[in-house]
Amino acid sequence: MSRKVVRTSKFRHVFGQAVKADQCYDDIRISQMTWDSTFCSVNPKFVAMIVEASGGGAFMVLPLSKTGRIDMSYPTVCGHKGPVLDIEWCPHNDNIIASGSEDCTVMIWEIPDGGLTSPLREPVVKLEGHSKRVGILSWHPTAHNVLLTAACDNVVILWNVACGQAVVQIDSVHTDLIYSACWNLDGSRILTSCKDKKLRLLDPRKGTVIAEKEKPHEGHRPVRAVFVSEGKILTTGFSRMSERQVALWDPDNFSEALTLQDLDTSSGVLLPFFDPDTGIIYLCGKGDSSIRYYEVTDEAPYVHYLSMYSSKESQKGMGYMPKRGLEVNKCEISRFYKLHERKCEPIVMTVPRKSDLFQEDLYPDTIGPEPSVEASDWFAGKDGKPILISLKDGFVATKTKEFKVHKSLLSTTTCSSGNRNGDSADLRSIQEELKQLKATVEELTQRVSELEGKN
């Protein structure tokens, strides 16, 4: 009788644990919208959640330290005319967040340190270019101020946010609703999944298809796709019998999946979160009460089941903390922010270790907040590798990359009239100041000539 050999992995014993009740964010009315986005975005400073709002769309931004019961009157970001469908923090500035809405616009907001003290209605930049609701946002991982948006008009737009311009418009590739769109590690490729049952690998600047896969999953329900290690692609979808599946693909050979595994028969779309440092993929189903996690390696069957975090309550959305926001001294390898009906509950994933020393094997150098290329250079063809930082002494925030808006350019593009009004107001105040300065100079000149006449 042969003994089954257990695969060795330092992540075999990763376990998830919800924080205590007093460290949750309570009394928040999470949005009831039936849209398959995460509804939550987190960074080392803030947690943002899409909430219910009457007469328009809103999301709430809380400093991480503001746990406990949140007052009903707590200010929200409420500039959209329709429900907010997706939000995402800028990876290069922890105070900048983008939001996409049913009102067909994308807005960029600047959140002050310490959070909001009054409702925020005026965005820093308003991006108008889509003709239907905008449901997918994704910041470029290495280029400063480059944002990808995808909407129900089947169009993907790449924006230079600083000057509010739609630089690349990919409008003839997708024939139906786009389910997901994401960048690879250095932002040189875009991966999309679509309702026309095709998985596409795109050149972002040219907007051309490099490779595509017809029917990565046989079922009719939405497919999600992300890049994992070594350029491979992981997809989640449904079989013909509506069983949920996870598959791994090599984009150089799309003819057959490296592995295809059936999971269960739940109906919720599986949202994948990949950690490039550990090679772990977390699958969170909307409406599920569990988080499954797998290790992606280069040995068959490539996607190895590790374990599952289960709880009683189902999740309406999920936020994923970047590596630099974790507590390395507690061997925390990931942290999720699970949205319930009326609260947000952090869930900590830990590798049990006896030593209190820094565990170098768990924390290789990770992606930092510094961009490696400017937007104009990236659009001109320059790629930049991610700038890595060490977590040995815990992440120490240096001065964040300043978010500069070129107002002279903004007024000539399709940005909001609100911005233009703001520009003209600025111009008026400068002209007023100049007038006052001229009057003062004239007075002083007259006074000097008077004094000289007396002498």
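**Around strand 4**

Modeller: Happy to! Five residues lie between strand 4 and strand 5 in their hairpin, and among them G55 has a positive phi near 70°. Strands here are DSSP runs of E, at least two residues long, numbered from the N terminus. This is a predicted model, where local features need pLDDT of at least 70, side-chain atom pairs count only at pLDDT 80 or more, and totals for chains, interfaces and linings use all residues. Residues are numbered from 1 along each chain as its sequence is written, and side-chain values use heavy atoms, leaving out hydrogens and water.

Colleague: How many bridges pair strand 4 and strand 5, and in which sense?

Modeller: Six, antiparallel, with strand 5 covering residues 57-63. Strands count as paired if DSSP finds at least two bridges between them. F46 sits opposite P63 of strand 5.

Colleague: And what joins strand 3 to strand 4?

Modeller: A hairpin through three residues. Strand 3 (residues 40-42) runs antiparallel to strand 4, with three bridges, and S41 has A48 as its bridge partner.

Colleague: Is strand 4 mostly covered or uncovered?

Modeller: Mostly covered: six of its six residues, 46-51, are buried, meaning under 20% relative accessible area (1.4 Å probe, protein chains only).

Colleague: Which residues are on each side?

Modeller: F46, A48 and I50 are on one side, with V47, M49 and V51 on the other. In a regular strand, side chains alternate between the two sheet faces.

Terms used. Buried means under 20% relative accessible area, exposed over 50%, partly exposed in between (1.4 Å probe, protein chains only). Helices (H or I, at least four residues) and strands (E, at least two) are DSSP runs, numbered from the N terminus.
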